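Colleague: I would like to learn how to read helix contacts, pockets and cavities. Please take them one by one.

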Amino acid sequence: MKILVINGSPRGDKSNTMKLTRAFLDGYRSVTPCEVEVITLKDKRIEPCLGCFGCWTGSPGKCVINDDVRSISIKMFASDVVIYSFPLFYYSLPSRLKAFVERQLPTVASFMTGQKNYLVNGGHPPRFEVTFKTLLISNCGFYPIAKSYDSVRAQFNMICGDGGYEEIFVGEGELFCKTITKRRCDARLEEIRLAGAEYAQSGALSPETKAKITANLYPPDMYAAMADEGWGNTIEDYRANDEEFLKAVEKEGKKIKTIY
Ligand SMILES: Cc1cc2nc3c(=O)[nH]c(=O)nc-3n(C[C@H](O)[C@H](O)[C@H](O)COP(=O)(O)O)c2cc1C
């Protein structure tokens, strides 16, 4: 059993999400022996796609950029489970992970008509057998508000086929690196560890488990107040840098006001 973790956090090993991912892996290992490899994208050479379609024309199936993407893709196809571990950035994937996903274009064919239901579904036909399961583990700064992950879900439903992936999305993420909230966070990590064991046993997560691991750690109002306090500054501290910005916008032709 081979598990490949693609760590898309720019914080690398210090990532809050990786705390969830490690707990999940501990649970998984408690049921089934497995070989785990963690690829930390921030330490790899991942160039953005050039949009040249060289992987469909000049060298079909092979990207023109010679960086680390191809070797990671090979490991992906050789895995049984691929875990994307990432923070939510602007309601979506952090840019390095997004770049990695875009660079998967050589693994699909250019021909639209090869895709099942191509008149209805956008997307190109995958060229290789996908024998790995996909799991998304992510955390975000807000408490779990249903809409925050809409674009991530939409993207992976298209990539993996509707519901073709499993997800663990946890809110209040910054609490996982604070000592004052350790007790509740450790309890949540234990629940995620049990989720890992369940996934190893059944290949899925029950709705009860999902409800447990995505429940609020604190009442939203309390969390919002703690989070605001946690920055250690006030809105007035922003003003120092606003003047220069507003002047520069004005120089570009528009006078705008600060509204918060
Ligand atoms: C550029 C940027 C964009 C972010 N966008 C969101 C967002 O859209 N929604 C949210 O709830 N949190 C957002 N966050 C907060 C992160 O998801 C949060 O800090 C997370 O705990 C970081 O996880 P990591 O340590 O695994 O990188 C953002 C953080 C950054 C730096």
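Colleague: Which residues of α1 meet α5?

Modeller: Helices (H or I, at least four residues) and strands (E, at least two) are DSSP runs, numbered from the N terminus, and contact means heavy atoms within 4.5 Å. Here K19, L20, A23, F24, D26, G27, Y28, S30 and V31 of α1 meet L189, I192, R193, A195, G196, A197, Y199, A200 and Q201 of α5. By class, this contact has 11 nonpolar, four polar and three charged residues; Ala, Val, Leu, Ile, Met, Phe, Trp, Tyr, Cys and Pro count as nonpolar, Asp, Glu, Lys and Arg as charged, and the others, Gly among them, as polar. This is a predicted model, in which local features need pLDDT of at least 70 and side-chain atom pairs count only at pLDDT 80 or more, while totals for chains, interfaces and linings use all residues. Residues are numbered from 1 along each chain as its sequence is written, and side-chain values use heavy atoms, with hydrogens and water left out.

Colleague: At what angle do the axes of α1 and α5 cross?

Modeller: Axes are lines fitted to C-alpha atoms, for helices over the stretch in contact, and angles run from 0 to 180 degrees between N-to-C directions. Angles under 35 degrees count as roughly parallel, over 145 as roughly antiparallel, 65 to 115 as roughly perpendicular and the rest as oblique. The axes of α1 and α5 come within 6 Å and cross at roughly 45 degrees, so the two helices are oblique to each other. A crossing is left-handed if the near helix is turned anticlockwise from the far one by less than a right angle, and right-handed if clockwise; α1 passes α5 in a right-handed crossing.

Colleague: How do α5 and α6 cross, left-handed or right-handed?

Modeller: Their crossing is left-handed. The axes of α5 (residues 182–202) and α6 (residues 207–214) come within 9 Å, at roughly 155 degrees, and the pair is therefore roughly antiparallel. R188, E191, I192, A195 and E198 of α5 make the contact with T209, K212, I213 and T214 of α6. These residues divide into three nonpolar, two polar and four charged.

Colleague: How many residues line the largest pocket?

Modeller: On a 1 Å grid over the protein atoms alone, a cavity is a set of points where a 1.4 Å probe fits but cannot get out, and a pocket is an open set with protein on both sides within 12 Å along at least five of seven lines; lining residues have an atom within 4 Å of a point. The largest pocket has 33 of them, with V108, H124, M158, I159 and C160 nearest its centre. α4 gives the most to this lining, six residues. The classes are 14 nonpolar, 13 polar and six charged. Its space is about 1,100 Å³, where grid points are joined across faces, edges and corners, and a volume is the space filled by probe spheres set on the points.

Colleague: Which residues lie nearest the centre of the second largest pocket?

Modeller: They are G141, F142, E174, Y223 and W231, out of 30 lining residues. α1 (16–31) and α7 (220–230) are the elements that give two or more residues to the lining, and α7 has the largest share, six. This pocket holds about 900 Å³ of space.

Colleague: How many cavities of 30 Å³ or more are found?

Modeller: One, in a search of the whole structure.
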